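Morning, everyone. Keep the sequence in view as we go.

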Amino acid sequence: MFSRYGALFWPDFPVRKNDSELLVWDIMGRKGEYWRELEFESGQVVLDKSRVWRALMLARYMSQQAKFYFTQFLGDKEAFFWGFAGTRTPYFLNPTYIHSVGALVDEAHPTGSPSLDPLQPDTQFCGQSMLQSDFLDDPDAPAATAAAFVPRPMFMHWNMLKYKYTEDVDYFQSAMTYEPPPVAANASIADFRAVGFRVNGQWGVFDHCLDLRHVQGLRIRVWPWGEEYPNKADAFHRAYRIGHDAVEAARVARFRARLADSNDSYAASQPHVPPGSRGVVLVSPRLPSVRGLVLAANILRGAGCKLPISFLYNDGEVDEFDLQILAAHNISALDYRALIKGRTWSRADWWRGAPVAAALLAAPYESVVLMDADTLALADPTALLMSREFLQFGALLWSAATPRRTDPHLARVLGVEDGTGGVDGGTDSRRSWEAMPGLMVFSKSRAWKALRFAEFILSDSSYFFNHMNGYQEAFYWAFLASGTSFYMHPTPPTLLGVPIGSESMQPGALSDFCGQALALPPLPSMVADTAAAAAPLALQPTFLRDEYDPDAAHFRATSALVASGDGVIKPPPQPRLLLSTNESLGRLSHCVAWVESPDVRSHTTDDPANLAHINGLFREAHRHLPRQDEVQGLKKKKLLDALAPYRPHSTTPGARSFWSWLGGGRGRGGEAGRAAQQVVLAPPLGVPSPWFSRSQGIVMLVEEANLPNAIRSLLMLRAVGCKLPVSM
């Protein structure tokens with residue numbers, strides 16, 4: 001095939017869209033034509049450049065103009081297709097469809113088993129990789145030979161393994177593919193427009209599960225691929241250790257040597273931090289809510305906290321008016337830009353908290369209570385800085401409700417696989433729970449090497465986030481790798497919520513539990529007696545950020561994992577997902593509950609005494625929040641004042657409604673709104689105003705990849721008779 005065509009391509013999952021309305025069809029002179037084939041997959045291509053040079057030049061040009069062309073098709077893979085189609089250059093596309101390779105899983109087999117029946121309703125296929133096959137290399141082969149040909153595996157794309165991978169899981173157990181239509185049907189898979197994959201949720205150790213869409217007229221085959229091709233998992237693990245772990249281990253060794261330099265010390269690096277200074281630092285890896293930040297500050301103050309509060313933000317997350325609101329509530333704001341100095345992360349890694357360690361090191365306090373912006377302290381965190389655990393270890397972490405996997409990659413790369421490294425004073429957490437992102441407490445002077453190690457780990461988040469869940473685990477592993485002791489609370493959080501279907505969770509009551517928040521336990525030294533142990537230290541109101549009703553008691557029951565005979569709540573032997581989300585239950589749009597099994601048991605009960613206090617604290621803090629309509633109204637007034645000299649001549653409905661919206665919203669008006677509707681003003685003398693000069697035109701704002709929409713808008717303007725000049 002290569003001798004005949006000079007270009008070999010392999011297919012992707014979907015069929016090519018023959019959308020003649022896309023401009024690229026017209027640009028390439030192929031409008032009205034129809035391609036009965038699958039899209040290209042560019043993970044591997046085989047080309048004779050001397051024979052297909054014109055096609056490659058066109059593909060290169062379209063990739064250089066990606067801001068336009070990549071809105072017409074999906075990336076470089078289809079740029080190859082249009083390069084060949086636009087230059088009328090022949091090519092060969094392998095007709096064998098793709099295999100999705102992964103594992104069959106169910107509740108009893110969270111890491112998969114090839115013996116499971118894929119037709120059972122409780123069994124799910126978790127595809128992790130894409131397998132490409134070889135082809136019959138004989139363009140003149142008779143039909144009988146072609147029908148008898150059995151393709152063999154040729155290329156494996158580790159799609160999902162780029163994002164989550166661990167060595168003790170076999171990711172190559174089973175395979176799924178479409179069976180070709182019968183020869184008598186004179187059809188191919190490409191004739192079925194709906195073929196392709198879907199993302200079918202998450203399952204335990206599998207970050208995302210891919211399977212094939214069910215398409216009428218096509219059968220899906222699932223079989224134990226790993227038994228047919230044994231030892232592929234071992235070969236992959238060996239390659240990963242050489243290609244990733246060895247390179248990363250060398251980087252870790254270089255950093256460890258640099259960390260031993262006396263110039264890289266707390267005293268040398270933090271001269272701007274007053275000795276003994278203490279404060280609360282709020283971080284929000286995702287887009288922050290100013291009202292949520294004020295809520296966190298209000299609850300801190302309501303709990304008696306007098307520490308200074310700082311919020312670390314990134315440029316563009318908050319505006320000038322938001323900063324004024326924060327300042328009015330005694331929240332100082334620190335811009336990430338000044339703290340990170342040239343470091344870059346992908347958007348996904350940014351959302352997972354990659355910049356947090358760098359920002360923490362630049363915070364102006366020696367002792368820091370680090371909180372997610374949606375974590376609410378129900379007790380004064382100043383007590384944490386004076387606790388026995390903090391005075392002994394200088395660093396406090398809390399357990400999450402997620403069992404920690406034994407990941408040999410992290411231990412091997414960070415040099416702690418033999419059990420050496422930092423000591424956890426709370427529990428043997430290497431075999432326990434992951435760290436909680438909502439609350440951490442550090443003495444930077446005592447934990448300096450660990451915090452610098454966390455910054456290093458997160459600076460290479462593309463590797464480390466493949467083996468850990470977010471920035472909180474980077475801090476945990478950094479303490480081990482740097483040999484720094486710390487204290488990790490051994491008890492996972494408790495769920496707080498409401499009974500649904502009954503007013504009580506007592507035995508005999510027919511009700512479901514709807515968890516709305518995670519409650520973190522206090523430190524052992526802070527609990528005077530066992531009765532007080534139920535009073536939580538902090539709260540993560542998972543689903544109350546946008547649905548809080550100040551007239552409702554959102555916390556009326558608790559649900560906690562059951563401790564074993566020695567009083568310790570231990571994770572299950574096999575790490576698995578322990579929290580499930582019900583999309584709707586009653587009037588609440590989301591509910592969280594424990595996923596029980598023979599080795600995971602929970603206990604749910606009413607707890608009115610402690611929860612009444614939390615409801616009251618929550619309600620009081622909300623009472624002092626600026627209302628959302630007030631915040632927006634103040635922003636509108638500020639904009640209206642700025643635009644006052646430029647009010648329009650026209651009293652057209654469009655102009656009136658716009659100025660009415662600025663002044664007070666639909667139907668409510670307000671003084672500014674009524675004035676804007678009634679008054680027709682010329683620009684004040686001396687005020688330059690291009691809006692009112694004799695030249696007229698339209699300025700169209702075009703986002704990076706939105707040129708096709710801008711062109712459509714321009715054509716619509718012309719279609720309705722608009723002759724004004726348009727600038728983009």
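A definition to begin: here a disulfide is a pair of cysteine sulfur atoms within 2.5 Å.

Two notes on the source. This is a predicted model, where local features need pLDDT of at least 70, side-chain atom pairs count only at pLDDT 80 or more, and totals for chains, interfaces and linings use all residues. Residues are numbered from 1 along each chain as its sequence is written, and side-chain values use heavy atoms, with hydrogens and water left out.

So, how many disulfides does the structure hold? It holds 1. Cysteine 126 is joined to cysteine 209, S to S 1.8 Å. The link of cysteine 126 and cysteine 209 is right-handed, with 55° about the S-S bond. It ties together distant parts of the chain, 83 residues apart. Cysteine 126 sits in strand E5, and cysteine 209 in the loop between strand E8 (197–199) and strand E9 (210–212).

Cysteine 126 is buried, at a relative accessible area of 0%. Cysteine 209 is buried too, at 0%. Cysteine 305 is buried at 3%, and cysteine 722 at 18%.

Stay with E5, residues 124–133. Here 10 of the 10 residues are buried, so the strand is largely enclosed by the rest of the structure. Now its partners. Two strands pair if DSSP finds at least two bridges between them. Strand E4 (residues 99–105) runs antiparallel to E5, joined by 7 bridges. Histidine 99 stands opposite leucine 131 there. E5 also pairs with strand E6 (residues 153–157), antiparallel, over 4 bridges. Glutamine 132 faces phenylalanine 155 in E6.

Next, strand E1, residues 7–15. It is mostly covered, with 8 of its 9 residues buried. E1 and E2 run antiparallel, with 5 bridges. Valine 15 is opposite leucine 38 in E2. E1 pairs with strand E3 (residues 92–93) in the parallel sense, over 2 bridges. The bridge partner of phenylalanine 9 in E3 is leucine 93.

On to helix H3, residues 53–64. Its buried residues are Ala55, Leu56, Leu58, Ala59 and Met62. They cover an arc of only 160° around the axis, which puts them on the same side of H3. That arc is taken from the directions from the helix axis to the C-beta atoms. Arg54 and Gln64, on the other side of H3, are exposed. What covers the buried residues includes strand E2 (38–47), helix H4 (66–69) and helix H5 (75–86), where contact means heavy atoms within 4.5 Å.

Last, the cores. A nonpolar core is a set of buried Ala, Val, Leu, Ile, Met, Phe, Trp, Tyr and Cys residues joined through side-chain atoms within 4.5 Å. Which members of the largest core, 72 residues, touch the most others? Phe442, Phe453, Ile457, Phe475 and Trp477. Helix H20 (residues 471–482) gives this core its largest share, 9 residues. A second, separate core of 61 residues includes Ala373, Leu496, Trp594 and Phe618.

Terms used: Buried means under 20% relative accessible area, exposed over 50%, partly exposed in between (1.4 Å probe, protein chains only).
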